[in-house]
Every structure is written in structure tokens, then in C-alpha cells.
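Today I opened a new notebook page for a structure I wanted to get to know.

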Amino acid sequence: MSGRGALRPPSEIRQMFNRIARRYDLMNRLMTFGRDIAWRRAAAQAALEVAPSLVLDVATGTGDLALELATHSTSRVLALDFSFEMLRLAARKCAAVRAQHVALLCGDAMRLPLRDCSVDVCTIAFGLRNLPDYAAAIREFARVLRPGGRLVILETAPACGLLAPLLRLYFEGFIPWLGGLVSGDRDAYRYLPRSTAAFPPPHELAMLLRSSGFPVVRYRTFMLGTVALHVAERTSSILRGEPAVAFHHLPETANQNGPMLPLIGESPSLPC
Ligand SMILES: C[S@@+](CC[C@H](N)C(=O)[O-])C[C@H]1O[C@@H](n2cnc3c(N)ncnc32)[C@H](O)[C@@H]1O
């Protein structure tokens with residue numbers, strides 16, 4: 001699967017998120033009937049199970065998952081994105097709730113401005129699908145995770161099963177129409193179903209994780225299988241690429257230390 005990645009180049013993706021940033025949260029609530037809040041909460045719970053000192057939230061966008069993590073723990077949270085407009089909104093939200101443990105970073109998910117083995121947990125919500133090479137991105141997450149660290153991925157999944165035609169109608173017909181109406185950017189919301197259809201289904205993503213240094217992977221799905229939450233444990237010997245030792249599939253469920261000053265830093269890899 002190496003080489004498989006986003007349908008558009010990073011520069012276009014960044015421009016797209018800069019354009020839709022202002023209406024991004026509202027569209028999320030409308031498209032998912034508000035369920036996206038519960039999905040991020042489930043992702044945060046999975047991340048916090050291991051009581052991490054430092055969590056990296058990649059592709060943080062407007063910071064919803066980073067804030068969920070910070071609100072329910074004393075963990076320090078590094079929240080990274082390459083869209084300045086999305087980060088600006090994240091900064092506003094952090095200030096509104098006085099989230100002192102969240103630091104915002106402007107940088108590239110493919111070249112994280114962090115040392116090897118420096119974070120306990122890495123999270124990414126609805127971001128992996130937008131990265132240019134999924135396998136390379138996962139290897140980069142593995143690089144910054146400490147041995148035994150945890151990777152949590154929340155992502156849309158291609159529609160399948162008997163309801164697939166109906167779901168496709170919703171994603172490919174209704175969402176672009178609604179996106180055009182709410183954000184004025186129909187194209188961005190046409191990209192969402194297209195990039196989802198091209199993204200690996202949950203079992204394939206689990207296999208990719210297992211072959212990329214995360215021997216233990218479990219996942220669950222939400223909203224008729226259209227959203228998946230993967231939780232993966234990094235092997236203690238990533239460089240040797242040990243074979244997978246365990247794989248669990250959880251069935252679909254109903255739903256769902258020291259202080260750090262908020263800051264916006266800049267990664268050397270991508271100018272923001
Ligand atoms: C669909 S949004 C998800 C935002 C947020 N995590 C959430 O749960 O709503 C995807 C985010 O990924 C960011 N992104 C895409 N490619 C990136 C890259 N190469 N480096 C950093 N951020 C990236 C975009 O700027 C955008 O904010």
C-alpha cells in the first residue's frame with residue numbers, strides 16, 4: 001500500500017482547508033447530525049486509557065480532538081496542522097476555555113518537527129485521508145512515538161454493504177450540496193466523499209498498521225460503518241519491522257505534566 005495517498009497535492013489541500021475553515025465546525029455538526037462529537041470523545045478516551053504525559057494530535061484542524069484530550073486529562077497536548085486558518089480557530093477555542101496544556105504547532109504531518117520516541121500517544125482525526133502517502137505518514141507517527149506508544153486514528157471509511165447505494169447518495173449528492181450552501185465551497189465537499197471512497201476500508205488500514213510497526217490493532221466503526229476508529233500499539237522495535245502478533249476486531253457500537261503555554265510555533269518543513 002506504500003505510495004497510496006490523498007487524491008490532491010498537499011498545497012491544494014492546505015488551500016482548501018484555509019478556505020473552508022470558518023464553516024468547518026458547523027458543517028461537521030450538520031453532516032454527522034452532531035455525532036462527530038461522540039466519535040472524537042471515543043478517540044480521546046482510547047488515547048487517554050494509557051495515561052499519557054504527552055499527546056500529539058496531528059492534523060488538529062480547529063482543535064476539537066486536542067481540546068477533548070486536554071479537557072479530560074492533565075496530559076500536555078501538541079496540536080499540529082499546516083492550515084493557518086484552521087489553527088487560528090483552534091487558538092481562539094483554546095483561549096476561550098483557557099486550555100493551558102495545549103500547544104499549537106504549524107507544521108507538516110509528513111515531517112513532524114519532533115524527536116524520535118518523544119510522545120506517548122499520537123492521534124489523528126479525519127486527517128490521514130488527506131496525507132500524500134498513508135504508509136509513510138504512519139511510519140512518521142511511529143518514529144515520534146515512544147516504544148509501546150499508542151496511535152489512535154479516527155477516519156471516514158468507504159461505504160459498503162446493502163446500504164452502500166443509499167449512503168453514496170447521501171455522501172456524493174447531499175453533502176456537496178449542503179457544503180456549497182453552508183461554506184460556499186461545493187468542491188471541498190465533493191472532495192470529502194471522493195477521498196473517502198479512495199481510502200482503505202478499516203480491515204485494510206488495520207493490515208497497513210500491522211505491517212508498519214503496530215503489531216496490536218483494534219478497531220470499531222460508527223454510523224453504519226462510514227467512520228472507523230483504529231487503536232494501534234507501537235512495537236518496541238520499529239526498525240526491525242516485527243510481524244503482527246495480534247489483531248482484534250471490535251463490533252460496531254451504538255454511538256458512538258507541567259503546564260505548557262499555548263503557542264503557535266513553526267515547523268521548518270513547510271512555511272505557513
Ligand atoms: C478534515 S480536517 C480534520 C481536523 C480535525 N482533526 C477534526 O477532527 O475535525 C483535516 C486537517 O488536516 C490538515 N492537514 C492535511 N494535510 C496535512 C499535512 N500534510 N500536515 C498537517 N496538516 C495537514 C488540514 O489542514 C485539516 O485541518
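Predicted model: local features only at pLDDT ≥ 70, side-chain atom pairs only at ≥ 80, totals over all residues.

Here are my entries, one topic at a time.

Entry 1: I looked up the confidence next and found a mean pLDDT of 87 for the chain. In that chain, 86% of the residues reach 70 or more. I then marked residues 238-272, where pLDDT stays under 50. For this stretch the model has 69 contacts beyond four places in sequence.

**Entry 2: around the ligand.** Which residues come nearest to the ligand? I found 21 residues around it, and the nearest are Ala59, Gly61, Ser83, Ala109 and Ala125. I then checked which elements give two or more residues to this shell, and they are α1 (10-32) and α3 (64-71). Helix α1 gives the most, with four residues. Sorting the shell by class, I wrote down twelve nonpolar, five polar and four charged residues.

**Entry 3: a reminder to myself.** Two packed helices are described by the angle between their axes and the distance between the axes.

**Entry 4: α1 with α4.** I went back to α1 and looked at how it packs with helix α4, residues 84-96. The angle is about 30 degrees, and the axes are 7 Å apart. Angles under 35 degrees count as roughly parallel, so α1 is roughly parallel to α4. From α1, the contact uses Phe17, Asn18, Ala21 and Tyr24. Phe84, Glu85, Met86 and Leu89 make it from the α4 side. By class I noted six nonpolar residues, one polar and one charged.

**Entry 5: α2 with α3.** At what angle do α2 and α3 pack? For helix α2 (residues 35-48) and α3 I found about 50 degrees, with the axes 9 Å apart. That angle makes α2 oblique to α3. I also noted that their crossing is right-handed. On the α2 side I listed Arg40, Arg41, Ala43, Ala44, Ala47 and Leu48. On the α3 side I listed Asp64, Leu65, Glu68 and Leu69. This contact has six nonpolar and four charged residues, and no polar ones.

**Entry 6: α6 with α7.** My last pair was helix α6 (residues 164-183) and helix α7 (residues 186-197). Their axes come within 7 Å and cross at roughly 150 degrees. Angles over 145 degrees count as roughly antiparallel, which means α6 is roughly antiparallel to α7. The crossing of α6 past α7 is right-handed. Among the α6 residues in the contact I noted Phe171, Ile175 and Pro176. Those of α7 include Tyr189, Leu192 and Pro193. The contact divides into seven nonpolar, four polar and three charged residues.

Note on methods: Residues numbered from 1 in each chain as written. Near = placed C-beta within 6 Å. Nonpolar A, V, L, I, M, F, W, Y, C, P; charged D, E, K, R; others polar. Axes fitted to C-alpha atoms, helices over the stretch in contact; angles between N-to-C directions. Parallel < 35°, antiparallel > 145°, perpendicular 65-115°, else oblique. Left-handed = near helix turned anticlockwise from the far one by under 90°. Contact = placed C-beta atoms within 7 Å. pLDDT = per-residue confidence, 0-100.
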